[in-house]
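Please look at the sequence and the model before reading on.

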Amino acid sequence: MKYIDYVQLNPFQKFGYNFVKFFKALPGNLKKIFLAIGNFFKKIFVGIGKGFAGYFSRFVKGDWATKCSYLVMGVGNASKGQLVKGFLFLLVEVAYILFMVFFGAFYLAKFPTLGTVSPVDENGRRVKGIIPDNSMLILLYGVMTIIITVLFFCVYIANTKSAYKAQQTVAEGKKPIGFIDELKEFLDSKFHVTLLAFPTLTISVFTILPLIFMILIAFTNFDSDHNELAHLFTWVGFDTFKQVFETSGRASMGATFVELTEWTLIWAVFATVLNYILGMVVALMINKKGIKLKALWRTLFVVTVAVPQFVSLLLMSQMLNVNDGAINTLLCDVLHVIPQHIDFLGGDPLVARITVIVVNCWVGIPYTILITSGILMNIPADLYESATIDGAGPVKSFFSITLPYMLFVTTPYLITSFVGNINNFNVIYLLTSNLQNSNDLYKAGHTDLLVTWLFKLTMNEHDYNLAAAIGILVFIVCATISLLTFNLTKSAKNEEEFS
Amino acid sequence: MKKIIALLLAVLMLASVLAACGGNKTTNDQKTTASGDVFQGEDNVTLLVWAPEAAVELTQQLCDQFKSEHSDKNITIDVKPQEEGDVAAQILNDPSVAGDVFSFACDQMNRLDKSKVLDPVPKADDKLGFDYAGEVKERDSEPSVEAATMKGELLAYPETGENGYYLVYDKSVVSDEDAKTLEGVLAACRKAGRKFNMDAGNGFYSCMFMFTGGLELQGLNDEGVQQFNKYDEEKVIDSLEAFANLFHEYSDIFQSDNVDKTGSGFAQDPRSVAAGIDGSWNAATVKSKLGDDYGAAKLPTINIKGTDTQIISMSGYKLIGVNAQSKAPYTAHALANYLAGEKCQLARAEKLSWSPSNKVAVESEVVKANLGSMACLEQAKNALPQVNIADTFWAPMGTLGNYLVKTKDITRDGIKTEFNKTITNIKDE
Amino acid sequence: MIKSYKIRRVITNIFVYILLGGLGLIWISPLVYLVLHSFRAEGLAQVDYLIPKSYSFQNYIDLFTVTGGGTNFPRWFLNTFIVAIFSCIISTLAVMMVSYAFSRLRFKARKPMINIGMILGMFPGFMTMIAIYYLLKAMGLTQTLVALVICYSAGAGLGYQISKGFFDTIPRALDEAATIDGATKNQIFWKIILPMSKPIIVYTVLTSFIGPWTDFILAKIIMGSKIDNYTVAIGLQNMLAAGKSLTQFKMFLAGSVVVAVPITILFLVMQRYYVEGVTAGGVKG
């Protein structure tokens with residue numbers, strides 16, 4: 001299609017065209033992604049190589065103090081008058097050595113086996129008078145030690161660089177920068193370090209460290225038969241993943257994984273798309289010209305956003321009860337719309353799945369109203385007017401003007417909410433927790449998402465390794481979808497700015 | 001000077017590291033103790049006791065009595081509520097912050113033992129000068145002691161006798177005669193237009209459908225897989241079918257919901273429930289709401305292929321365990337032994353309607369006068385003790401129950417398939 | 001022609017009113033049900049009719065006076081409030097700092113850090129809860145409120161996207177002018193950008209303040225059986241457990257109202273800023 005044809009399409013067709021184009025380009029894009037990943041690793045190795053080259057060349061070119069600081073950190077800086085800086089480097093080195101001697105080395109040494117001294121003997125009795133190994137602590141502190149070592153290594157390299165830089169400055173006949181001045185830089189040219197230091201620290205400790213730990217757990221046999229209280233666990237390679245994809249036997253994990261993945265994706269699509277479109281329709285109605293009491297209408301919907309979700313969902317689960325739930329009472333006993341009570345959550349899996357999607361609409365539509373109202377007002381009014389003159393009804397103008405415009409502007413929001421829905425725990429867990437359990441699924445129910453299954457395996461079954469493996473698979477699903485859709489939006493945006 | 005500072009620093013680091021990874025505790029230091037001292041020299045101890053919410057107040061009183069009996073020791077006891085069904089999950093999450101002494105339902109024995117979080121009851125072999133295990137075996141009923149024993153070792157103290165569920169009914173609707181057969185109960189409920197409530201989706205209750213057909217549990221094998229007796233599959237299916245058909249026939253008044261809904265239906269005005277299956281834990285509330293209309297009896301019979309068959313249920317025991325990570329294990333054992341004794345069992349029978357396991361207490365007037373306790377004890381004769389059950393038993397069992405009461409157009413073949421699935425899932429194959 | 005157009009518009013408007021009214025009713029009626037039944041005097045757990053037959057304040061009185069055994073609502077409320085205040089302050093600061101750095105400053109590690117942030121967001125959050133528990137245990141913080149504050153605010157920096165989007169909309173010319181006047185980046189952040197960012201600050205404060213009131217998973221794992229340190233979310237959820245709901249169901253309803261009312265009011269008052277913040281930031285991403 002030539003550009004001139006493309007411009008003449010209406011926005012909806014344009015989107016459709018882009019959509020088709022996206023799928024045609026999919027193989028190419030996938031290839032690009034793999035190439036990008038390859039390049040990424042290449043860059044890393046090249047970087048490391050360069051780093052080492054620099055490391056050695058600095059050593060060769062350095063004077064005695066610089067050379068010395070390759071062993072005793074901070075000597076280079078201290079000898080050039082940067083006493084405080086030198087002292088700080090030294091302090092880091094001493095602290096690290098002490099840490100390793102008294103703490104890190106012990107756990108690092110046990111890391112490859114995850115412990116050998118079992119707390120119980122072969123008869124299963126607790127052995128008295130020994131200090132047993134705790135595989136979980138060995139793994140956790142082992143990971144911690146490795147992270148600290150990597151960080152120390154970074155400081156160490158920075159130390160050699162800094163020493164060499166000070167040496168050069170002196171060689172040029174200048175005075176190296178003072179400590180106070182260096183600190184001042186952190187408020188201006190290095191302000192990003194100041195801003196990011198604290199959040200990066202907390203995220204490293206409470207998000208990244210636990211994440212690495214859990215990813216490693218997926219490669220061990222840390223489950224209910226090998227918990228850390230009475231047993232040791234150890235590395236098992238990819239056995240856990242094999243277990244997840246095991247398809248033999250009844251209620252196999254493989255079959256469960258496939259069914260739950262399918263349902264997770266169906267759920268995420270419905271939850272995202274329905275909330276998005278219906279929310280926009282309601283927002284349009286509220287903002288329609290000639291509708292009065294706009295604030296009242298908006299408040300009616302927005303109140304549900306403010307009520308904590310677990311309150312409204314627990315309430316909903318009570319109201320949807322088959323025997324005395326308010327909704328059954330209303331529909332059957334008061335209004336006589338249905339002949340008998342419907343088991344919304346505990347009966348037919350299809351009914352339960354529809355119910356959770358509908359309840360999710362109740363929860364999610366007000367959010368969409370909040371987010372889209374402002375943008376909807378920004379759509380140029382003359383677009384609608386010309387559409388009306390052309391004889392387009394409200395439905396047609398919604399699909400040919402509103403939707404394409406909104407899609408164009410809010411794609412990032414859609415991607416985040418899609419990923420959010422894949423990991424949407426509250427709605428499913430609070431509404432159906434164990435009601436849909438099935439003998440055809442491995443410790444799961446028909447409405448379970450991968451993430452609620454993960455939760456059940458962790459909390460009820462204590463099968464941490466399976467849960468971790470599923471977590472990794474969820475990540476792979478989310479990452480693939482985001483990468484692909486991200487490319488789609490990029491291509492759409494590069495095309496042209498929306499008129 | 002530098003050396004001293006370095007040494008000091010090293011010691012400080014070591015101390016903080018040891019404090020940080022406090023999980024690795026060496027065994028309790030054995031001080032010089034007089035033989036026969038139940039405390040083994042422990043003093044100035046603080047104990048955390050877990051009891052179900054309804055029993056917290058009473059347990060605190062009993063603990064205070066224990067303290068006053070040992071006024072020479074400085075013991076602080078803190079009683080916190082912890083639902084019995086959830087004890088294993090809570091303890092396994094982190095035993096170091098769990099109760100030193102805790103009350104739990106015996107179905108969790110297996111899980112607790114697997115993780116070795118229960119400190120075995122001191123026995124004569126331990127040469128401590130006292131023999132709690134012997135005392136327990138002497139004073140408590142045989143099945144309750146069996147429930148507290150794993151691989152020949154007594155791991156906990158029996159707290160109650162048969163602690164199962166039974167039939168509660170509104171006497172103004174269901175006569176004592178009606179209450180003898182399930183058909184009679186349901187017919188009386190229908191006549192009054194009121195509901196019959198049981199939790200068929202919960203394995204603890206729904207296992208009665210299988211047990212009535214002759215299936216029995218026979219502990220676990222060495223790999224921890226649930227074993228059954230040589231049951232006659234056709235008979236089990238007969239029983240399942242009879243229950244399913246009966247409940248479908250009365251689908252207008254049969255309700256499968258949370259066990260609390262029985263009591264809540266009695267509390268409504270007008271009452272919406274006429275009978276239900278409920279347990280001793282709700283007895284006090286239900287009794288106060290029904291007043292003179294309060295009826296309790298063993299589970300009724302059900303007609304299977306023309307013969308009235310007694311419904312076989314599951315009866316559990318509440319046990320008191322001592323945390324293996326307790327900082328004062330001997331004081332904890334002394335307290336657990338006290339709480340499991342005759343006096344405390346009687347107090348619970350009186351205040352909470354919990355039937356005793358103590359051979360003397362069970363014969364007392366207090367117990368005989370209590371309808372709920374009597375119904376419990378009566379039903380226990382037709383119940384399988386909840387001993388040594390796999391973790392994997394409950395969920396598939398509950399699912400089978402749901403299948404039976406919720407599936408429309410239920411067929412014998414369908415039941416058979418679902419039954420076999422249930423058995424495989426329980427065996428975790 | 002004009003007349004028929006007018007009539008058509010009136011008819012569509014009536015249609016829209018009816019639709020809005022119906023939908024509004026669906027959205028609000030569960031909450032009305034909640035409030036009505038929180039005042040219900042009769043019955044114990046749920047009842048099979050819609051409108052209560054008698055009303056009293058007893059459920060609320062019970063909620064605030066029954067503090068023995070397994071319930072201690074006043075204490076829980078206070079706990080949650082304290083945790084919410086602290087984690088809200090820390091999270092807001094963290095979010096502002098991260099999003100400002102990513103939006104206005106240029107440095108070598110910026111792109112990789114943004115990518116890492118995106119990757120971290122794709123792992124299911126529950127995956128790490130056991131590890132977090134043991135980390136907190138190693139620090140001796142389990143069963144304390146400090147642990148909750150840490151949990152709710154430590155990862156807050158990862159939620160920078162919306163406020164970064166907001167900062168992106170502030171013209172860069174402002175920064176440049178200030179730099180020419182000799183202001184450091186630190187001064188620009190505190191004196192120029194932050195005062196202009198009221199909507200996004202309110203948005204961040206609001207969302208991070210609400211967080212502790214709604215989390216019932218992590219808080220439960222951290223607190224275990226330490227009932228005095230529970231937050232309202234765990235406490236209320238516990239009230240519905242089998243064996244408890246018989247006596248505590250109505251307290252659950254009353255408690256839900258007590259939790260929902262202040263947050264709702266706060267939200268409605270701040271709604272304008274919330275909407276401004278989220279529309280400005282959410283779209284650009």
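In what order do the five strands of the open sheet in chain B stand? In this predicted model, the order is β2-β1-β3-β17-β6, and the pairing is mixed. The edges are taken by β2 (75-81) and β6 (157-158) of chain B, each of which has a single partner strand, so one side of each is left without a neighbour in the sheet.

The strand β1 (residues 45-51) of chain B runs parallel to β2(B), to which seven bridges join it. One of the pairings links B:Val45 with B:Ile75 in β2(B).

| Helix | Strands touched | Angle between directions |
|---|---|---|
| α2 (residues 56-69) of chain B | β1 and β2 of chain B | about 170 degrees with β2(B) |
| α12 (residues 329-339) of chain B | β1, β2, β3 (101-105), β6 and β17 (318-322) of chain B | about 165 degrees with β17(B) |

Chain B also meets chain C, in a contact that takes 24 residues from chain C and 27 residues from chain B. On the side of chain C, α5 (129-138) and α13 (245-284) each give two or more residues, and α13(C) gives the most, with three residues. The residues of this side of chain C divide into nine nonpolar, eleven polar and four charged.

Chain A is divided into domain 1 (1-55), domain 2 (62-237) and domain 3 (253-495). The centres of domain 2 and domain 3 of chain A are 43 Å apart, taken over C-alpha atoms. Their contact takes ten residues from domain 2 of chain A and ten residues from domain 3 of chain A. On the domain 2 side of chain A, the residues that touch domain 3 comprise five nonpolar, four polar and one charged.

Conventions:
Residues numbered from 1 in each chain as written. Chains lettered and ligands numbered in written order. Predicted model: local features only at pLDDT ≥ 70, side-chain atom pairs only at ≥ 80, totals over all residues. Domains from an automatic or database assignment. Contact = placed C-beta atoms within 7 Å. Nonpolar A, V, L, I, M, F, W, Y, C, P; charged D, E, K, R; others polar. Helix = DSSP H or I, 4+ residues; strand = E, 2+ residues; numbered from the N terminus. Pairing = 2+ DSSP bridges. Axes fitted to C-alpha atoms, helices over the stretch in contact; angles between N-to-C directions.
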